[in-house]
Amino acid sequence: MEYGAIAREIHIDATPDVVYEVITKPEHIVQWWGFDASFPAVPGGDGRMTKQRRDGVGTLVVPIHVVEADAPRRFVFRWVHPEDQQATPQNSFLVMFELVPASGGTLLRLTEAGFREIGWEAAQLEAHYRSHCAGWDQHLPNLAAYAAGLVRS
């Protein structure tokens, strides 16, 4: 397996405007992703996302750097870089959400890249890649259900 990039597509029964809000606003991110987010959704915006660790010991702190914010079409950010460093292709993952109107809702295309660029050894690369795949496979359906629920309520 290549472990270069993760790509997912999901249809969401909500307009791109609604979906864009759901992927960029802290009050929505916590609902579908479980992170308390604190970052400006503007190009160059820096911040962090935090949540309890899965093992219950301490808090996971994930730095985020917004690369592109083109409402309601694209939202791109780098994340998981060391807190004391600027996000670069060599120390972070690049996440891209593309939103396309489709069938009365939105086709969301997610790409997360940069796994190989970090320079991990094979076992570490595979573990991180698989962990992120499992995470997106869990969180994207949550995002779709949450956004659709906003429209219905």
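**Reading rings, strands and charges in a predicted model**

Trainee: How many aromatic pairs does a search of the whole structure find?

Mentor: The search finds 17 aromatic pairs. Keep in mind that this is a predicted model.

Trainee: How is a pair of aromatic rings described?

Mentor: Two quantities are given: the distance of the centres and the angle of the planes. Take Phe115 and Tyr129: their ring centres are 5.3 Å apart and their planes stand at 75°, so this pair is edge-to-face.

Trainee: Where in the chain do Phe115 and Tyr129 lie?

Mentor: Phe115 is in the loop between strand S7 (105-113) and helix H3 (122-152), while Tyr129 is in helix H3. The two are 14 residues apart, and their pair links distant parts of the chain.

Trainee: Is Phe115 buried or exposed?

Mentor: Phe115 is buried, at a relative accessible area of 0%. Tyr129 is buried as well, with 10%; the limit for that word is under 20%.

Trainee: Which residues do ring pairs link into a cluster?

Mentor: The cluster holds Tyr20, Trp32, Trp33, Phe35, Phe39, Phe75, Phe77, Trp79, Phe97 and Trp136. One of these, Phe35, also has a charge over its ring: the charged end of Lys51 sits there, 4.5 Å from the ring centre.

Trainee: Now the sheet. In what order do the strands stand?

Mentor: The order is S1-S7-S6-S5-S4-S3-S2, with 7 strands forming an open sheet and antiparallel pairing.

Trainee: Which strands stand at the edges?

Mentor: Strand S1 (5-12) and strand S2 (36-38) do. Each has a single partner strand, so one side of each is left without a neighbour in the sheet. Neighbouring strands are turned by 20° against each other on average, direction ignored.

Trainee: How many bridges join strand S4 to strand S5?

Mentor: There are 6 bridges between S4 (residues 59-70) and S5 (residues 74-79), and these two strands run antiparallel. Within this region, His65 stands opposite Arg78 in S5.

Trainee: Which strands does helix H1 lie across?

Mentor: Helix H1 (residues 16-24) lies across S1, S4, S5, strand S6 (93-102) and S7, and runs at about 160° to S6. Helix H3 also packs on the sheet, where it touches S1, strand S3 (46-52), S5, S6 and S7. The direction of H3 makes about 15° with that of S1.

Trainee: What about charged side chains?

Mentor: Side chains of opposite charge can pair when their charged atoms come close. The structure holds 7 salt bridges. One of them joins Arg73 to Asp70, whose closest N and O atoms are 3.2 Å apart. Arg73 is partly exposed at 46% relative accessible area, and Asp70 is partly exposed at 26%.

Trainee: Which side chain meets Glu98 in a salt bridge?

Mentor: Arg74 does, at 3.3 Å from N to O. Glu98 is in strand S6 and Arg74 in strand S5, 24 residues apart, so to read this pair is to read a link between distant parts of the chain. Glu68, Arg74 and Glu98 are linked in a network of salt bridges.

Trainee: How many residues apart are Glu126 and Arg130 in helix H3?

Mentor: They are 4 residues apart, which means a separation of about one helical turn. Glu126 and Arg130 form a salt bridge with closest N and O atoms 2.8 Å apart. Glu126 is partly exposed at 29%, and Arg130 is partly exposed at 47%.

Terms used. Residues are numbered from 1 along each chain as its sequence is written. This is a predicted model: local features need pLDDT of at least 70, side-chain atom pairs count only at pLDDT 80 or more; totals for chains, interfaces and linings use all residues. Side-chain values use heavy atoms; hydrogens and water are left out. Rings of Phe, Tyr and Trp (its six-membered ring) pair if their centres lie within 6.5 Å; planes under 30 degrees apart count as stacked, over 60 as edge-to-face and the rest as tilted. Buried means under 20% relative accessible area, exposed over 50%, partly exposed in between (1.4 Å probe, protein chains only). A charge sits over a ring if NZ of Lys or CZ of Arg is within 6 Å of the ring centre and within 35 degrees of the ring normal. Two strands pair if DSSP finds at least two bridges between them. Axes are lines fitted to C-alpha atoms, for helices over the stretch in contact, and angles run from 0 to 180 degrees between N-to-C directions. Contact means heavy atoms within 4.5 Å. A salt bridge is a side-chain nitrogen of Lys or Arg within 4 Å of a carboxyl oxygen of Asp or Glu.
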